Amino acid sequence: MTEALPNSKAVRLRGRSFLALVLSPELPFRDWLAQLDDLARRSTGFFLGRPIVLDVAGLPITREQLADLLAELTKRNVRVMGIEGALPSILGPGMPPEMRGGRNAADIEMPDETSAPAAAKSGAAPQAPAVPRMTAPPVTPALVIDTPVRSGQSIIFPEGDVTVLGHVASGAEVIAGGSIHVYGALRGRALAGSAGNANARIFCRKLEAELIAIDGLYKTAEDLDPKMLGQPVHIWLDDTALRTVVLSN
């Protein structure tokens, strides 16, 4: 005899996305961990409570080496929520789960420019040229913060640009998938292009930052040119270097 289950509310399943930082370790791990320690020392609390994805794609490592690396990260209070790019053979019990399907930015579909010439070469009958359709460029989402960003606050907006009409206090941070505009003093941390956008920029009225980063390349306060401190600046990524220039009034 089958017992009828009492009526109950259905289990609700929802999808929700969160912004995680990706760490891509390099061999030898000892040297890479030393660089990580240097970043943590110069930007206190940078990894505190932040979800991290560990990207080990292409690294010739064993399960034991991966386990040792995870243990070293745990000692540093770096929370690894998932592992990306790992061979199944190096994942073991107790490790963070394998993650797939992550992407830096939205895919861009390029028109196929070879289809017409290919048809002509194959002897197909010529067709009338297609009339190009004019489409409006996609609108980049933007977030405007009309109050100062206080110490301890985190503004995270991976969808696009962030504009702060006030200042960003020391101990605060702004993370944007696009560019960051600060109309006051930038004293905290600003991470632009967090979704893999190397064309992102950082603008601020007064540079006093603890850390700036574009597409994962960062500088801490100790790395900044003293001539730029206290100045209105524009920061962009030039290949593998962050460039800073003073904005004219």
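**Close-up views of a predicted model**

View 1. Strands of a sheet pair through backbone hydrogen bonds, either parallel or antiparallel. Strand 3, which covers residues 79–84, is joined to strand 4 in the parallel sense over 2 bridges, and Ile83 stands opposite Glu98 of strand 4.

View 2. An open sheet with mixed pairing is built from 5 strands in the order 6-8-10-12-13. Its edge strands are strand 6 (154–157) and strand 13, each of which pairs on one side only, and from one strand to the next the twist averages 5°. Between strand 6 and strand 8 there are 4 bridges in the parallel sense, and Ser154 has Glu173 in strand 8 as its bridge partner. Helix 1 packs on this sheet, where it touches strand 12 and strand 13, and the direction of helix 1 makes about 50° with that of strand 13.

**View 3. The hairpin of strand 12 and strand 13.** Strand 12 (residues 211–214) and strand 13 (residues 217–220) run antiparallel and are joined by 4 bridges. Within this pairing, Ile212 has Lys219 of strand 13 as its bridge partner. The hairpin has 2 residues between the strands, and Asp215 takes a positive phi near 50° there.

**View 4. Helix 1 against helix 2.** The axes of helix 1 and helix 2 (residues 63–75) come within 12 Å and cross at roughly 20°. Angles under 35 degrees count as roughly parallel, and helix 1 and helix 2 are therefore roughly parallel to each other. The crossing of helix 1 past helix 2 is right-handed. On the side of helix 1 the contact is made by Phe29, Trp32, Leu33 and Leu36, and on the side of helix 2 by Gln65, Leu69, Glu72 and Leu73. Glu72 also takes part in a salt bridge with Arg76, in which the N to O distance is 2.9 Å. Glu72 is partly exposed, with a relative accessible area of 26%, and Arg76 likewise counts as partly exposed at 27% relative accessibility.

View 5. The side chains of Asp38 and Arg42 meet in a salt bridge, with 2.8 Å from N to O. Both residues belong to helix 1 (residues 29–42), where they are 4 residues apart, about one turn of the helix. The two partners fall into separate accessibility classes: Asp38 counts as partly exposed at 25% relative accessibility, whereas Arg42, at 17%, counts as buried. Asp38 and Arg42 belong, together with Arg41, Glu222 and Asp223, to a network of salt bridges. The count for the model comes to 13 salt bridges.

**View 6. A buried salt bridge between distant parts of the chain.** Arg50 and Glu173 form a salt bridge in which the closest N and O atoms are 2.6 Å apart. The pair links distant parts of the chain, since Arg50 lies in the loop between helix 1 and strand 2 (51–55) and Glu173 lies in strand 8 (residues 173–176), 123 residues apart. Arg50 and Glu173 are both buried.

**View 7. The surroundings of Arg189.** Arg189 is a residue of strand 10, which spans residues 189–192, and at 7% relative accessibility Arg189 counts as buried, the cut-off for this class being under 20%. When its neighbours within four places in sequence are left aside, Arg189 is in contact with Ser43, Thr44, Gly45 and Phe46, with Ala172, Glu173 and Val174, and with Glu210 and Leu211.

**View 8. Ser248 and Gln231.** Ser248 is found in the segment after strand 15 (241–246). With a relative accessible area of 70%, Ser248 is exposed. Between Ser248 and Gln231, which are 17 residues apart in sequence, the distance in space is 9.7 Å from C-alpha to C-alpha.

Notes
Residues are numbered from 1 along each chain as its sequence is written. This is a predicted model: local features need pLDDT of at least 70, side-chain atom pairs count only at pLDDT 80 or more; totals for chains, interfaces and linings use all residues. Side-chain values use heavy atoms; hydrogens and water are left out. Two strands pair if DSSP finds at least two bridges between them. A salt bridge is a side-chain nitrogen of Lys or Arg within 4 Å of a carboxyl oxygen of Asp or Glu. Buried means under 20% relative accessible area, exposed over 50%, partly exposed in between (1.4 Å probe, protein chains only). Axes are lines fitted to C-alpha atoms, for helices over the stretch in contact, and angles run from 0 to 180 degrees between N-to-C directions. Angles under 35 degrees count as roughly parallel, over 145 as roughly antiparallel, 65 to 115 as roughly perpendicular and the rest as oblique. A crossing is left-handed if the near helix is turned anticlockwise from the far one by less than a right angle, and right-handed if clockwise. Contact means heavy atoms within 4.5 Å.
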